[in-house]
Amino acid sequence: AKEAERVKAAQARAKAKAEAEAATVQLWADELLEAEDAIDLMDAVCTNDVAAVKKLIKAGADVNAVTARASMTALHFAAGLGEQDPKATALKLLLAAGARADATDSLGAKT
């Protein structure tokens with residue numbers, strides 16, 4: 001009986017985590033639609049396409065452009081993805097290109 005309870009609890013945690021991740025992805029997708037000036041760069045960051053991030057930065061993409069509703073930058077998205085490669089690589093590329101590490105979104109959250 002205890003094992004069944006543990007399995008049920010683990011399944012509930014996994015479901016809650018998946019729902020939270022889906023909500024985050026939807027929020028990011030909504031924000032990307034509003035960030036016309038930097039949609040390609042933010043999309044490359046969100047999909048961990050480091051080659052595209054490099055290419056876009058080299059082409060002059062604005063690394064400090066913000067989304068319309070939440071004032072998020074590509075660096076906010078990179079930081080929100082965690083510290084795993086190639087995600088951290090995108091974060092490092094943005095910082096090296098002059099992304100503002102002190103950028104604040106509309107809720108006051110910093111990168």
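User: In what order do the elements run from the N terminus on?
Analyst: The order is α-α-α-α-α. The count is 5 helices and 0 strands. These are DSSP runs, helices being H or I of at least four residues and strands E of at least two, numbered from the N terminus.

User: What sort of model is this?
Analyst: A predicted one, where local features need pLDDT of at least 70, side-chain atom pairs count only at pLDDT 80 or more, and totals for chains, interfaces and linings use all residues. Residues are numbered from 1 along each chain as its sequence is written, and side-chain values use heavy atoms, leaving out hydrogens and water.

User: What is the mean pLDDT?
Analyst: The mean is 80, and 81% of residues reach 70 or more. pLDDT is the predictor's confidence in each residue, from 0 to 100.

User: Which elements have the lowest and highest mean?
Analyst: Helix α1 (residues 2-34) has the lowest, 77. Helix α3 (residues 50-58) has the highest, 92.

User: New topic. How many residues, and what share is buried?
Analyst: There are 111 residues, and 30% count as buried. Buried means under 20% relative accessible area, exposed over 50%, partly exposed in between (1.4 Å probe, protein chains only).

User: Which residues of α2 are buried?
Analyst: In helix α2 (residues 39-46) they are Leu41, Met42, Ala44, Val45 and Cys46.

User: How do α2 and α3 pack?
Analyst: At an angle of about 155°, with axes 8 Å apart. Axes are lines fitted to C-alpha atoms, for helices over the stretch in contact; angles run from 0 to 180 degrees between N-to-C directions.

User: Parallel or antiparallel?
Analyst: Roughly antiparallel. Angles over 145 degrees count as that, under 35 as roughly parallel, 65 to 115 as roughly perpendicular and the rest as oblique.

User: Which residues make the contact?
Analyst: From α2, Asp40, Leu41, Ala44 and Val45; from α3, Ala52, Val53, Leu56 and Ile57. Contact means heavy atoms within 4.5 Å.

User: And the loop between α2 and α3, what lies there?
Analyst: Asn48 lies in that loop. Asn48 has a positive phi of about 60° although it is not a glycine. Most residues other than glycine have a negative phi.

User: Is Asn48 buried, partly exposed or exposed?
Analyst: Asn48 is partly exposed, with a relative accessible area of 25%.
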